[in-house]
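The following exercises concern a protein structure and are each followed by a worked solution.

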Amino acid sequence: MDVVNQLQRQFIDYSASLHREGFLDDQFTQLQKLQDDNSPDFVVEVASLFFEDCEKLINNMARALEQQQGVDFRQVDASVHQLKGSSSSIGAMRVKDVCVAFRSFCEAQNREGCLRCLQQVTHEYSLLKNKLQTLFRLQQQILAAGGSIPVVE
Amino acid sequence: MAPTLPSSDQASDQDNWDNGRLARKRQLLIEIVLRNRLTALVVDGDTTCRVLEQLLLRSYGVQTQGVDNGRDAVALIASGVKFDLIIIDMILPVLNGLEATRQIRDMGVHCKMLGVTICSGESERQAFLAAGVDVFIEKPLDPEHLVPILRELDGQ
């Protein structure tokens, strides 16, 4: 029982820190509440989908910004727009915030600004991916030890 | 380099955060029991959003279908499939959300349509409403907006 309590405490603390540091917002908590016995891996699956989407969109943005003969900012903006939508739907607050700034640079047709935002968004996406993988690992450990995932406040 | 969050005193930030979260915790995932079998179509080009919106609807017992572009949405409606609710994004591949909405309305379809989009400007809102959506919701679609609409559709 002690092991389970320890792991649960770790999970709660880690979740809280992710919210406090702005990596996740209430939308993510909503998703966790949707997870039940019928769909026990739902959050992990949705997160995987999101990361797949992220990688595809980041690659699209990078390719569009690489064009030497003239960047199609509308194309970049379309990808940023999509990433803004999916990141806000999953509760990835910091990724979403970069997208907001990114769209302004697209509108201003500012290639340098866009490239900086691309770096930022790639960085935030990597950070979030690592953090969520840690969170999910903690979840697995709790379940393996026979405990249940605590409801995140 | 991470984007900077609004700066303020560390202690009061934490208090506000805690109080805000307590208040909002009560609002999270509003409960509702539907009496009728409702159906919904989700039209969104982004996989993550489409899957999440369908999952949210299903968690309330709504039967859902999803399509990832405007043209397929119009074709599905044109084939005679009926829905109680259509959730549609503004920016869609092949045929955009505004045009798809107009075409669906032109077919004489009167069901509830929600424009759920990341676009947040007043002009976008007006355009989507003018095209024929009943409600304009900024992403993400959340229970606070969805549940009253489901209640209404369920006749509660």
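**Exercise 1. A charge and a ring in chain A**

In this predicted model, the charged end of Arg94(A) lies over the ring of Phe23(A), at 4.0 Å from the ring centre.

Solution. The limit requires CZ of Arg to be within 6 Å of the ring centre. For Arg94(A) and Phe23(A) the distance is 4.0 Å.

**Exercise 2. Aromatic pairs**

Task: determine how many aromatic pairs occur over all chains, and classify the pair Phe50(A) and Phe51(A).

Solution. Step 1. Over all chains, three aromatic pairs are counted. Step 2. The rings of Phe50(A) and Phe51(A) have centres 5.6 Å apart, and their planes make an angle of 50 degrees. Step 3. Phe50(A) has a relative accessibility of 1% and therefore counts as buried. Phe51(A), at 7%, counts as buried because the cut-off is 20%. Step 4. In chain B, Phe128(B) and Phe136(B) form an edge-to-face pair, with 6.3 Å between centres and 75 degrees between planes. Both Phe128(B) and Phe136(B) are buried. Step 5. Returning to chain A, ring pairs join Phe50(A), Phe51(A) and Tyr125(A) into a cluster.

**Exercise 3. The helices of chain A**

Task: describe the make-up of chain A and examine helix H4(A), residues 73-90.

Solution. Step 1. Chain A contains six helices and zero strands, and its pattern along the sequence is α-α-α-α-α-α. Step 2. Along the principal axes, the C-alpha atoms of chain A fill a box of roughly 65 × 30 × 20 Å. Of the 153 residues of chain A, 48% count as buried. Step 3. For contacts in chain A between residues at least 6 apart in sequence, 67% join residues at least 24 apart. Step 4. H4(A) has 18 residues and spans 26 Å from its first C-alpha to its last, close to the 26 Å expected at 1.5 Å a residue. Step 5. Because 13 of the 18 residues of H4(A) are buried, this helix is largely enclosed by the rest of the structure. Step 6. Gly91(A) follows H4(A) and has a positive phi, near 95 degrees.

**Exercise 4. Parallel strands in chain B**

Task: trace the pairing of strands E1(B), E3(B), E4(B) and E5(B), and state the handedness of the crossovers.

Solution. Step 1. E1(B), residues 39-43, and E3(B) run parallel and are joined by four bridges. Val42(B) has Ile87(B) in E3(B) as its bridge partner. Step 2. From E3(B), residues 85-88, Leu85(B) and Ile87(B) point one way, Ile86(B) and Ile88(B) point the other way, and all are buried. Step 3. Four bridges also connect E3(B) to E4(B), residues 112-117, again in parallel. Here Ile88(B) is partnered by Gly115(B). The chain passes from E3(B) through helix H4(B), residues 97-106, to E4(B) in a right-handed β-α-β crossover. Step 4. Six of the six residues of E4(B) are buried. Lys112(B), Leu114(B) and Val116(B) lie on one side and Met113(B), Gly115(B) and Thr117(B) on the other. Step 5. E4(B) pairs in the parallel sense with E5(B), residues 135-138, over four bridges. Val116(B) has Ile137(B) as its bridge partner in E5(B). E4(B), helix H5(B), residues 122-131, and E5(B) form a right-handed β-α-β unit.

**Exercise 5. The surroundings of Leu98(B)**

Task: which residues is Leu98(B) in contact with, leaving aside its neighbours within four places in sequence?

Solution. Step 1. Leu98(B) is located in helix H4 of chain B. Step 2. With those neighbours left aside, Leu98(B) is in contact with Met90(B), Ala127(B), Phe128(B) and Ala131(B). Step 3. Phe128(B) also belongs to the edge-to-face pair with Phe136(B). Step 4. Gly70(B) is 28 residues from Leu98(B) in sequence, and their C-alpha atoms are 9.0 Å apart.

Definitions and conventions. Residues numbered from 1 in each chain as written. Chains lettered and ligands numbered in written order. Predicted model: local features only at pLDDT ≥ 70, side-chain atom pairs only at ≥ 80, totals over all residues. Heavy atoms only, no water. Phe/Tyr/Trp six-rings, centres within 6.5 Å; stacked < 30°, edge-to-face > 60°. Buried < 20%, exposed > 50% of the residue type's maximum accessible area, 1.4 Å probe, protein only. Lys NZ or Arg CZ within 6 Å of the ring centre and 35° of its normal. Helix = DSSP H or I, 4+ residues; strand = E, 2+ residues; numbered from the N terminus. Expected span 1.5 Å × (residues − 1). Pairing = 2+ DSSP bridges. Right-handed = clockwise from strand over helix to strand, strands pointing away. Contact = heavy atoms within 4.5 Å.
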